[in-house]
Amino acid sequence: MFSLRILALAALTGWGSTALAQVDDSTSSAPAPKFAVVVHKGRGAPNLKRPVKKYIEKKLKVFGDQVTFNQYRKAARQAGIRKKTELPEVATARTVGPALGLSHVIIVESVREREQVGKRKKNVFYAELAVVDVNSGDVLLTNRYKLAGRRLNLAIGVEMVDAIGPVLQAPEPEPEPVPEEDPIAAAPANPTPPHRGESPRAQ
């Protein structure tokens, strides 16, 4: 089951190309997203800070401006949120995000589960991801990625970046409707009627 706390993204040169290819001139007119990546280590789960920074954070910079985790934690403390376990909460993102002028908060949390493997139960580790829209407070994306043992590797990073990138991009503004031309108004004025006995072509 997903917790409402969750995790972040990834990619490096040559990978994550699906998301990176979607950043083009069509979005240049929209304001760049400003986001923070919050990584949390669940109980008994691996610490994902280094692989998240290597495979995800560095490549997410192409999508907008990034606020550091230390800045996020400082703003949380100023808001009275001091427990580490509260930092990856969606409620914290909704509180801290506006104070830092963020558009999104990306939460990545490692979790450990006991699963039946053959005749025995073994520890299985996952990275849980959530992307929170600060303006609306909505959770735009949630997903879970099974780790390679205890590691978040390059391939997993690619999947995460490809999922996060499109969510960070602001939607293109809808084109203004073009008013339909009134056929009656557009019709030319009636020509001056010819004089009696004169051909219309003679005018």
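Reader: What does K41 stand opposite in β3?
Author: In this predicted model, K41 faces S110 of β3.

Reader: OK, and how many bridges join β1 to β3?
Author: Seven, and the two strands run parallel. Strand β3 covers residues 104–117, while β1 covers residues 34–41.

Reader: Is β1 mostly covered or mostly open?
Author: Mostly covered: six of the eight residues in β1 are buried.

Reader: In which sense do β1 and β2 pair?
Author: Parallel, over three bridges, with β2 spanning residues 65–67. One of the partners there is Q66 in β2, which bridges to F35. Between β1 and β2 the chain passes through helix α2 (residues 49–60), and that β-α-β crossover is right-handed.

Reader: Switching topic: how many salt bridges does the structure hold?
Author: Two. R144 pairs with E113, where the closest N and O atoms are 2.8 Å apart.

Reader: Which residues are linked in the network of salt bridges, then?
Author: E113, E128 and R144.

Reader: Is E128 buried or exposed?
Author: Buried, with a relative accessible area of 1%. R144 is partly exposed at 23%, and E113 is also partly exposed, at 24%.

Conventions: Residues are numbered from 1 along each chain as its sequence is written. This is a predicted model: local features need pLDDT of at least 70, side-chain atom pairs count only at pLDDT 80 or more; totals for chains, interfaces and linings use all residues. Side-chain values use heavy atoms; hydrogens and water are left out. Buried means under 20% relative accessible area, exposed over 50%, partly exposed in between (1.4 Å probe, protein chains only). Helices (H or I, at least four residues) and strands (E, at least two) are DSSP runs, numbered from the N terminus. Two strands pair if DSSP finds at least two bridges between them. A crossover is right-handed if, with the strands pointing away from the viewer, the path from the first strand over the helix to the second runs clockwise. A salt bridge is a side-chain nitrogen of Lys or Arg within 4 Å of a carboxyl oxygen of Asp or Glu.
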